[in-house]
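Student: Hi, I have just been handed this one and have not looked at it before. Could you walk me through it?

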Amino acid sequence: MKKLRWAMDGGFWELDMSTPTTLEGVARAVPDDPLPLGLSRGTRLSRPNQIAFFQRFMAMPFVPSSSISTHGFSLQRVFAFPFSENWIVSLLGQFNFQKFLSSVNEGGGLLQPSNSSWLQDIGRHFSDKSLYALGLSSELLITPDDTLVVGLETHGDNKAPRKKAVFRHKFPNHNLIMEAVWPGLFVDKSGTYWDVPLSMAIDLASVGCDSGASYHLSLLHNTGAPKQFDGSQTHEVPATLLPGLCAKGAFALTKNIDLWRSKAQKLKMVQPFDIFLSNPHISLSGVIGAVGTACLGDNSVRVQEDDELHGFKGFKLCVPRVKSALLADIFASASFTAQHGNFQKLFLDLTRLYARLDFPSGSKFLAGTTRLTQDLYNSQQPSLEALQAVCPAATLSLQQQIAGPFSFRIDSGVALDLKNREWHLNVKEPVFAIEYALQVLGSAKAVA
């Protein structure tokens, strides 16, 4: 499983992760304390709309989907039924091609002495319900600012059906999302998928402000005992997925500074492959903010676990008798962006570098700084735990145009692990991808 999101997209606000595990094509990240919020939504098209785009504009009758850990190689196709200008129903079908070939090979192949036996054999293989999966979704544009999405996903191998209902509303400067999913699919940092019997969420975020103040509010309620998606019990259940109610709020101040921006004229009568990647520049950006979490239920036990695990006491209050907890912290981030090229020419006209340093826990950073100061003042050797606490997490991203709308991209997190004596530098979740800029849409892309 690879997270098809980029360094500039995420940071403190965790986004959905792309996954072929389900027909919907996304899994929500397991929320962490205090950040990320674990509820922010990306700007991608839904899976049915993605496949419909490939079928219509790229003449692809079937779109492949591959998942090594679950169904293997499959083929997908969407049938859209626009009942009106404001209402469209999509039927997404999936055929497990890899499982079909495996069943044919186990049965001795399709070569039979008579045509009737061959037809009966291939018909028997195609009639296997476990090869198929169907996803039905309805998208209703109630008003220009209100959208209601209802979805149902079923599998022929007797898996429990997945249902969801999502309501979106666009305020002048805010986005509101209300969602109910049963069961809800989550994925943790190790790539393990979890099913929560019922997950309901409300998310309100300010938008449209590159610099200045912004805030993000979320409410998450989980019901039932979480289970691993594959049915095994090899991992411990993340505490944030346990039954209970969790409310989070974050406030941040952002400042962007342009060190240099090209004033050279672009090529005339040539549209950039991506209009948002057509201005060479060098810029800096900084973010500082605060976040608070309130938990009620079994999910509040994680506050006690964090205290014992890290050894640094932040702004935390836990009341075990009523299964409640409060948590507050500050965070900061600094980033650097440099771009060369206008992304108009056919070859090597875009080189983009992005680097970011994250300080996700101000309390841990202050505690580590205080401990280091005490060790130096007392002429003692600084502890590894204190040094580790003040080291930020780094994220690097490089994008290079190859030819035309195609570009190569690599994103990776970098962190110091001072406890590892052999190699202190750890590379976290590297993503290698080829991007195809959809020039006809101005600024859109397909990622592989």
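Student: Let's start with helix H1: what covers its buried residues?
Tutor: Bear in mind that this is a predicted model. What covers the buried residues of H1 includes strand S3 (63-67), strand S4 (72-84), strand S5 (87-95), strand S6 (132-143) and strand S23 (445-447).

Student: And which residues of H1 are buried?
Tutor: H1 runs over residues 47-57, and the buried ones in it are Arg47, Pro48, Ile51, Phe53, Phe54 and Gln55. Just after the helix comes Ala59, which takes a positive phi of about 55°.

Student: Stepping back, how many helices and strands does the chain have?
Tutor: The secondary structure of the protein chain comes to six helices and 23 strands. The chain has 448 residues, of which 40% count as buried. If you take the contacts between residues at least 6 apart in sequence, 58% of them join residues at least 24 apart.

Student: You mentioned strand S5. Where does Gln94 lie, and is it buried or exposed?
Tutor: Gln94 lies in strand S5. Gln94 counts as buried because its relative accessible area is 8%, and the cut-off for buried is under 20%.

Student: What does its side chain make a polar contact with?
Tutor: The partner is the side chain of Gln76, and the polar contact between the side chains of Gln94 and Gln76 has a distance of 2.6 Å.

Student: Changing topic, how many aromatic pairs are there?
Tutor: The count comes to 13 aromatic pairs. One of them is formed by Phe95 and Phe100, with 5.6 Å from centre to centre and 50° between the planes, and this pair is tilted. Phe95 is buried, and Phe100 is buried too.

Student: What about Phe406 and Tyr436, why is that pair called tilted?
Tutor: Their ring centres are 4.9 Å apart and the planes stand at 55°, so the pair counts as tilted. Phe406 lies in strand S21 (residues 406-416) and Tyr436 in strand S22, so the pair ties together parts that are 30 residues apart in sequence. Phe406 is partly exposed, with a relative accessible area of 40%, and Tyr436 is also partly exposed, at 29%.

Student: Which rings are linked into a cluster?
Tutor: Ring pairs link Phe73, Phe95, Phe97, Phe100, Phe126 and Tyr132 into a cluster.

Student: How far is Phe273 from Asn342 in sequence and in space?
Tutor: Phe273 and Asn342 are 69 residues apart in sequence, while from C-alpha to C-alpha they are 8.9 Å apart in space.

Technical notes
Residues numbered from 1 in each chain as written. Predicted model: local features only at pLDDT ≥ 70, side-chain atom pairs only at ≥ 80, totals over all residues. Heavy atoms only, no water. Buried < 20%, exposed > 50% of the residue type's maximum accessible area, 1.4 Å probe, protein only. Helix = DSSP H or I, 4+ residues; strand = E, 2+ residues; numbered from the N terminus. Contact = heavy atoms within 4.5 Å. Polar contact = N/O pair within 3.5 Å; in protein donor to acceptor, adjacent residues only side chain to side chain. Phe/Tyr/Trp six-rings, centres within 6.5 Å; stacked < 30°, edge-to-face > 60°.
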